[in-house]
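The sequence and the model are shown first, and a description follows.

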Protein chains: 2
Amino acid sequence: MSDPLKFERAGDDERINLAVGQPSIDLIPKKMLQTAAARAFNNAPEHAFNYGDPQGEPIFRAALALFLQGQGQTNARAESLFLTGGNSQALDFVCERFTQPGDVVLVEDSTYFLALQIFKDRGLNIVGLPYDADGIELPALINAIETHKPRLLYTIASFANPTGLSLAEARRAEIARLSKQHDFIVAADEAYQLLHFEKPAPKSFSHFLTDGNILCLGTFSKILAPGLRVGWLEVSEALMPRLLASGWVNSGGAINQMASFIVTDCLQQGAQALHLSTLRHTLAARAAVMQSALKANLSELATWTAPEGGYFFWLRLADSINTDDLVAPASRASVGFQPGNFSSANGHHPNYLRLSFAAYGVTEIETGIQRLRTVLRQH
Amino acid sequence: MSDPLKFERAGDDERINLAVGQPSIDLIPKKMLQTAAARAFNNAPEHAFNYGDPQGEPIFRAALALFLQGQGQTNARAESLFLTGGNSQALDFVCERFTQPGDVVLVEDSTYFLALQIFKDRGLNIVGLPYDADGIELPALINAIETHKPRLLYTIASFANPTGLSLAEARRAEIARLSKQHDFIVAADEAYQLLHFEKPAPKSFSHFLTDGNILCLGTFSKILAPGLRVGWLEVSEALMPRLLASGWVNSGGAINQMASFIVTDCLQQGAQALHLSTLRHTLAARAAVMQSALKANLSELATWTAPEGGYFFWLRLADSINTDDLVAPASRASVGFQPGNFSSANGHHPNYLRLSFAAYGVTEIETGIQRLRTVLRQH
């Protein structure tokens with residue numbers, strides 16, 4: 001398996017690097033952020049520059065709750081929200097607060113490759129769960145719960161990385177119930193929850209907060225700007241004290257105080273909601289372009305399901321192919337993708353690959369897929 | 001022991017809360033930050049708004065290296081620096097990368113109370129070391145190394161919290177040597193390193209990077225603005241790969257990308273260096289006022305050594321007194337302090353208390369000390 005930990009950024013070399021799950025520069029509303037930053041730094045309460053409320057400033061949490069309500073998370077409340085440095089930081093933090101090395105974490109197998117690294121960093125034992133078009137298969141989950149007594153279940157609930165699939169609403173409700181019954185924590189990574197193309201994603205796990213031990217992870221990285229490093233956890237009253245008991249959070253006073261005020265301004269002005277609406281259209285258009293390009297170039301070499309939201313296509317090649325072996329030839333052909341086994345706890349799905357349509361515009365997406373065809377044909 | 005984890009902010013109630021180790025609002029250069037933020041958001045490279053280099057952007061690290069060189073850390077190099085979210089985040093991160101639950105961490109006993117909480121959160125066993133006016137006593141350290149086989153030594157090397165004392169240069173060199181000989185990590189918290197009043201602090205641990213297993217922790221929280229949540233680790237070439245292998249850091253791409261660009265602007269413009277110079281004078285003046293007020297009000301009730309830098313006075317009361325018992329009466333008298341046993345791994349120093357002169361101006365410091373006298377007299 002290739003080293004999954006080398007940081008890669010679209011645009012750092014000549015490649016059209018469809019491996020990287022980041023927004024392209026033109027998806028980031030720089031002008032809006034400049035205005036928001038100027039206003040935030042001029043208008044923020046004086047204490048904003050000092051240590052802040054470890055949970056995140058009330059003004060940020062109130063604006064975020066209103067925004068989430070407007071996006072259909074009707075029960076979002078300022079008291080249930082906790083400022084994070086984005087979903088990966090939040091996931092590591094959840095592990096800090098709720099797990100011990102040696103604990104079992106259940107994941108969709110396939111899942112976010114760096115989540116797997118985070119769990120390894122924490123000494124957790126990762127158990128992969130099978131999934132179908134509606135997400136995690138419940139009989140297998142129940143079996144895994146009984147066999148492994150997990151401490152944590154990590155799910156990318158909507159438009160998942162890497163599969164693009166969403167967990168059906170009824171399964172969310174059942175997973176919440178099971179988490180209470182069997183005393184484990186559900187970390188629901190909803191980085192892509194709001195990035196639907198037409199039909200909204202199934203109901204956020206935030207609707208099941210009190211039905212189970214749910215921590216709902218949201219982020220502005222995919223819908224505003226990753227560089228701000230602002231995200232949130234939404235949790236029940238029962239779980240919040242565990243977050244607030246962290247020594248380093250208390251000491252620092254809030255992970256990213258000033259950036260949260262910039263986001264607050266974007267929320268209060270309605271700019272975030274407007275931007276999100278534009279973003280959905282742009283991503284939908286890019287997904288459509290990638291779908292056409294794939295059909296035109298790879299229909300004899302691969303199968304896939306067109307995603308209904310998020311950032312990714314997940315392609316299945318012939319069973320004889322290990323996509324790890326294609327990374328170097330692809331790189332020589334100036335195209336990048338993420339090999340399937342990156343996303344598996346158990347090295348499954350070696351004949352899959354992940355493509356992001358977020359990091360490049362339509363012309364580059366078309367060119368990238370053409371290059372990929374050349375690589376696959378020559379293999 | 002009182003709950004050490006309640007977040008307290010100067011100005012959140014009627015008290016003059018000399019417990020809190022934060023800068024007062026007027027010590028934070030709001031205008032300078034407004035200008036820097038505007039420039040940073042307008043001039044930053046486009047990728048600044050996206051995921052960044054996990055180590056921190058080269059432009060930030062280069063500006064920081066130059067600044068540190070200018071402050072006497074003559075060997076500071078961009079390649080040795082790593083962006084953090086401030087020293088407490090950095091300390092937790094160091095624990096993540098270098099310790100396992102059950103490992104032993106050595107600390108000065110007394111030390112930063114939330115560092116103790118961070119170590120407890122990580123399941124570490126804390127062993128306190130005695131200190132004299134020159135910091136950690138080496139014979140006791142050597143004994144502790146042999147007895148406990150520590151994984152980590154945490155020291156607040158200069159103008160320490162809570163004692164105000166500094167570790168002598170020769171001891172730093174010897175501790176570096178011992179860390180290599182006995183294979184443990186030194187986390188040198190230098191939050192106050194640059195905050196001398198007259199004579200600079202002993203040489204930063206950054207000068208001993210390659211002599212031992214040293215991680216040098218610096219932060220802009222005490223010298224610019226805590227709300228930015230920007231700090232740094234300085235480490236040798238040998239240790240850097242361990243930091244960069246973190247899943248969540250790789251995933252996020254840098255803990256606090258945009259805020260680091262704001263700081264970069266302050267560094268590049270020379271504004272940080274100028275502000276630091278003013279800050280030293282202000283803190284020195286406040287320390288002098290606190291020293292006078294203590295002499296006038298508490299000379300019969302307490303003993304102390306006037307600090308030569310940093311944020312804190314560390315007062316010893318009669319052996320019969322437990323300063324924990326004074327917190328409530330002091331709060332009723334509208335004054336706050338931090339009880340001595342907060343700072344001890346083993347509940348030592350119950351007859352001590354910590355006062356910060358950073359969070360209030362001179363008039364409030366004088367009033368606060370007068371109130372404290374009333375409380376102590378009535379006890």
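## Overall architecture

Chain A comprises 12 helices and 14 strands. Its radius of gyration is 20 Å, close to the 21 Å that the globule rule gives for 379 residues, so chain A is as compact as a globular protein of that length. The model described here is a predicted one.

Taken along the principal axes, the C-alpha atoms of chain A fill a box of roughly 60 × 50 × 35 Å. Of the 379 residues in this chain, 65% are buried. Among the contacts in chain A with a separation of 6 or more, 76% are accounted for by residues 24 or more positions apart.

The accessible surface of chain A amounts to about 13,100 Å², and carbon and sulfur atoms contribute 50% of that surface. As for charge, chain A carries 31 positive and 37 negative side chains. The centres of these two sets lie 3 Å apart.

## Relation between the two chains

## Backbone features

Each chain contains a cis peptide bond, one between A:N161 and A:P162 and one from B:N161 to B:P162. In chain A, A:P162 is placed in the loop between β7 (152-156) and α6 (169-181). In chain B, B:P162 is likewise found in the loop between β7 (152-156) and α6 (169-181).

The place of B:K149 is the loop between α5 and β7 of chain B.

## Burial of selected residues

Which of these residues are buried and which are exposed? A:R229 counts as buried because its relative accessibility of 5% is under the 20% cut-off. B:K149, by contrast, is exposed, because its relative accessible area of 63% is over 50%. The table sets these two beside two further residues.

| Residue | Relative accessible area | Class |
|---|---|---|
| A:R229 | 5% | buried |
| A:S236 | 9% | buried |
| B:I142 | 31% | partly exposed |
| B:K149 | 63% | exposed |

A:S236 occupies the loop between β10 (231-235) and α7 (240-244) of chain A. Where does A:S236 make contact, leaving aside its neighbours within four places in sequence? Its partners are A:L209, A:T210 and A:I214.

B:I142 belongs to helix α5 (residues 138-148) of chain B. Its relative accessibility of 31% falls between the limits of 20% and 50%, and therefore B:I142 is classed as partly exposed. B:I142 and B:H182 are separated by 40 residues in sequence, and their C-alpha atoms are 9.8 Å apart in space.

Conventions:
Residues numbered from 1 in each chain as written. Chains lettered and ligands numbered in written order. Predicted model: local features only at pLDDT ≥ 70, side-chain atom pairs only at ≥ 80, totals over all residues. Heavy atoms only, no water. Helix = DSSP H or I, 4+ residues; strand = E, 2+ residues; numbered from the N terminus. Rg over C-alpha atoms; globule rule 2.2 N^0.38 Å. Buried < 20%, exposed > 50% of the residue type's maximum accessible area, 1.4 Å probe, protein only. Contact = heavy atoms within 4.5 Å. Areas by Shrake-Rupley, 256 points an atom, 1.4 Å probe, with all protein chains shown as cover. Lys, Arg positive; Asp, Glu negative; His and termini not counted. Charge placed at Lys NZ, Arg CZ, Asp CG, Glu CD.
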